[in-house]
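The tour below goes from one selection to the next.

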Amino acid sequence: MVQIELSKRQQRIIEIVKEQEPITSENIASILSVTRATLRPDLAILTMSGILDARPKVGYFYSGKTEINLFSQEIKNIKVSDIMSVPVIVTENTSVYDAIVSLFLEDVGTIFVVSNGYLMGVVSRKDLLKATLGGNDINKVPVAMIMTRSPNIITIIKDDNALNAAIKIIDHEVDSLPVVEKIIKDEKEQLKIVGKVSKSNITKLLVEICKGGS
Ligand code: ADP
């Protein structure tokens, strides 16, 4: 993982640029009593992370962005496939009762529903709770009756990044996204579930990044 802490010298460079922008690398080097070559990797990190802007023949500017951008840079470098976990999947004719049992046994909050192996729907804890309040025999009600259906399902692909997964979870107010692969079948796009990203996966990632990646 990319180290997100800045070195003392990198922090000093930021201070110098803040005070004296625009400033050339020669001038920064002379203030720090080092050679330009020594500074090159530090300046590369600071410009790549967006903290400093480099303008040819003018020098370095402070972009106004803080070190927090290194964090967002890091989170964008992490793929959904790096953080996804195993999804719990049932078929469309599974009863609400059996879906509730799976929810407890597998210790998850969201269950994905497939038909012929392709994504059809999503059932959450509250969907199941609601179904138990209706007075129907939950052994007889299939999950297909209560699920949120395709195409209204918010999905993500495994090559997308962790930040986009978190943004989708927040924007659509859901706990979990199915990670899907798009397959063209009989000229129709179908979705195969290859994983899931939940709020827990995102929280785990946050802890890992803050601990310096272990
Ligand atoms: P809960 O309902 O237990 O609070 P969610 O917030 O995840 O859990 O679900 C809210 C609603 O959104 C439910 O009706 C559920 O079926 C639906 N839902 C859950 N995940 C998704 C998803 N990835 N795409 C579309 N709808 C979803």
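## Salt bridges and the ligand site

Glu-26 is a place to begin: its relative accessible area is 41%, which makes Glu-26 partly exposed. Bear in mind throughout that this is a predicted model.

Arg-36 and Glu-26 form a salt bridge, with 3.5 Å between the closest N and O atoms. Arg-36 belongs to helix α3 and Glu-26 to helix α2 (residues 25-32), so this pair ties together parts 10 residues apart in sequence. Arg-36 is also partly exposed, at 44% relative accessible area.

Stay on helix α3 and select Asp-42 together with Arg-9. Their side chains meet in a salt bridge, at 2.7 Å from N to O. Asp-42 lies in helix α3 (residues 36-48) and Arg-9 in helix α1 (residues 8-20), so the bridge ties together parts that are 33 residues apart in sequence. Is Asp-42 buried or exposed? Asp-42 is buried, with a relative accessible area of 7%, and the cut-off for buried is under 20%. Arg-9, at 32%, is partly exposed.

How many salt bridges does the structure hold? There are seven.

Next, select Arg-125 and Asp-175. The side chains of these two residues meet in a salt bridge of 3.6 Å, N to O. Arg-125 is in helix α7 (residues 125-133), while Asp-175 is in the loop between α8 (162-171) and β7 (176-185), so the pair links distant parts of the chain, 50 residues apart. Both residues are partly exposed: Arg-125 has a relative accessible area of 47%, and Asp-175 one of 34%.

Keep Asp-175 selected and show the ligand. The ligand sits in the largest pocket. Which residues come nearest to the ligand? Of the 14 residues around it, they are Ser-124, Asp-127, Thr-148, Ile-154 and Asp-175.

- Ser-124: an N or O atom of its side chain is 2.7 Å from an oxygen atom of the ligand.
- Ile-154: a backbone N or O atom lies 2.8 Å from a nitrogen atom of the ligand.
- Asp-175: a polar backbone atom is 2.9 Å from an oxygen atom of the ligand.

On its own the ligand has 540 Å² of accessible area, and the protein covers 83% of that.

Finally, colour β5 (118-124), α7 and β7. Each supplies at least two residues of the shell around the ligand. The most come from α7, which gives three.

Technical notes:
Residues numbered from 1 in each chain as written. Predicted model: local features only at pLDDT ≥ 70, side-chain atom pairs only at ≥ 80, totals over all residues. Heavy atoms only, no water. Salt bridge = Lys/Arg side-chain N within 4 Å of Asp/Glu carboxyl O. Helix = DSSP H or I, 4+ residues; strand = E, 2+ residues; numbered from the N terminus. Buried < 20%, exposed > 50% of the residue type's maximum accessible area, 1.4 Å probe, protein only. Near = heavy atom within 4 Å. Polar contact = N/O pair within 3.5 Å; in protein donor to acceptor, adjacent residues only side chain to side chain. Areas by Shrake-Rupley, 256 points an atom, 1.4 Å probe, with all protein chains shown as cover. 1 Å grid on protein atoms, 1.4 Å probe; cavity = no way out; pocket = protein on both sides within 12 Å on 5 of 7 lines; lining within 4 Å. Sits in = over half its atoms within 2 Å of the grid points.
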